[in-house]
Amino acid sequence: MPETAILLSDVTVRFAEKRLAFDCAVPAGAAVAVAGPSGAGKSTLFNVIAGFETPRTGRVELLGKDMAGREPAERPVSVVFQDNNLFAHLSIADNVGLGIDPGLKLDSAARQSVFSALSRVGLGGYERRLPGSLSGGERQRVALARALVRRRPILLLDEPFAALDPAMRGEMADLLAELRAETKSTMLFITHQPEDIRRLADRAMFIEEGAIVLDEPVRDFLSRREPPGVAKFLGHSAI
Ligand SMILES: Nc1ncnc2c1ncn2[C@@H]1O[C@H](COP(=O)(O)OP(=O)(O)OP(=O)(O)O)[C@@H](O)[C@H]1O
């Protein structure tokens, strides 16, 4: 396994009047919190890594391999989206099975891995239910199970805690920490809460106006009093 899971060099993305630029090196096995104001570029960073957004310039390397021209499905990445993207008319088991085969042609080993992923996220017995009958937190865990069955070494989570109440946030953080320990995956998660960073991350990235302005061990990040955007995020008064 290469030491660096994600390497972005001179990556730029341009939208109409916006330019975003990303440089970073994420160590393999890290749990990285990605924070920053709304519209700063957090989701765009994920889209670049996952291959949903093609950069205008620069190089994206995942696990030591250049990703130029590689479709999202060909990348060693799973994404759990914020709105969890479940299909309302499909059972929970089928929603998870889509992570293995978009045509849902699942052999018995694949079906078994759907069952064990659901049990792993605490939803054993939910297989036949429909997403509409689940709570927000349960739907989020279904999306996580779908990411797990893909067995990709890099996991991107877009606000995995957003729909959860405080108790469920703690449970989700524990679950993610356990999964990370088991799978040794590299995990990036977007959050707006310093508490989630304390619970789960060992590194933190802060994105402002389309650039990664900080990328450092979580202990350093949490004690920062500057720059002002970070102080505000952490609830520390800026100098
Ligand atoms: N497809 C697109 N076309 C045009 N502009 C876009 C597109 N995607 C993102 N942007 C713009 O790029 C900037 C960064 O957006 P992005 O969604 O990455 O921010 P974010 O940090 O994830 O925000 P939030 O916390 O609100 O989700 C924003 O100004 C957004 O409007």
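Biologist: Where is the place of P227?

Modeller: P227 sits in the loop between α7 (218-222) and α8 (228-234). Helices here are DSSP runs of H or I with at least four residues, strands are runs of E with at least two, and both are numbered from the N terminus. The model is a predicted one, in which local features need pLDDT of at least 70 and side-chain atom pairs count only at pLDDT 80 or more, whereas totals for chains, interfaces and linings use all residues. Residues are numbered from 1 along each chain as its sequence is written, and side-chain values use heavy atoms, with hydrogens and water left out.

Biologist: Why is the peptide bond from E226 to P227 called cis?

Modeller: Its omega is near 0°. Most peptide bonds are trans.

Biologist: Why is the pair E195 and R198 called a salt bridge?

Modeller: The term requires a side-chain nitrogen of Lys or Arg within 4 Å of a carboxyl oxygen of Asp or Glu. The closest N and O atoms of E195 and R198 are 3.1 Å apart, so the pair qualifies. Both residues belong to helix α6 (residues 194-200), three residues apart, about one turn of the helix. The rule gives a count of 11 salt bridges.

Biologist: What makes E178 and R120 such a pair?

Modeller: Their side chains meet at 2.9 Å, N to O, and the pair is a salt bridge because that distance falls within the cut-off.

Biologist: How is the chain divided into domains?

Modeller: There is a domain 1 (1-76 + 154-238) and a domain 2 (86-151). The bounds come from an automatic or database domain assignment. The C-alpha centres of the two domains lie 25 Å apart.

Biologist: How do you know that domain 1 and domain 2 are in contact?

Modeller: Contact means heavy atoms within 4.5 Å, and 12 residues of domain 1 are in contact with nine residues of domain 2. Across their interface the rule finds two salt bridges.

Biologist: What area do domain 1 and domain 2 bury between them?

Modeller: The value is about 890 Å², 69% of it on carbon and sulfur atoms. In domain 1, M172, L175 and L179 lose the most area to domain 2, together 40% of what that side buries. Buried area is the accessible area (1.4 Å probe) that two parts lose on being put together, summed over both.

Biologist: Why is the second largest pocket said to lie between the domains?

Modeller: Domain 1 and domain 2 both give residues to the lining of the second largest pocket, so it lies between them. A pocket is an open set of points on a 1 Å grid over the protein atoms alone, with protein on both sides within 12 Å along at least five of seven lines; lining residues have an atom within 4 Å of a point. The second largest pocket has 19 lining residues, with A147, L148, V149, R151 and T183 nearest its centre. The largest share of this lining, four residues, comes from α3.

Technical notes: 1 Å grid on protein atoms, 1.4 Å probe; cavity = no way out; pocket = protein on both sides within 12 Å on 5 of 7 lines; lining within 4 Å.
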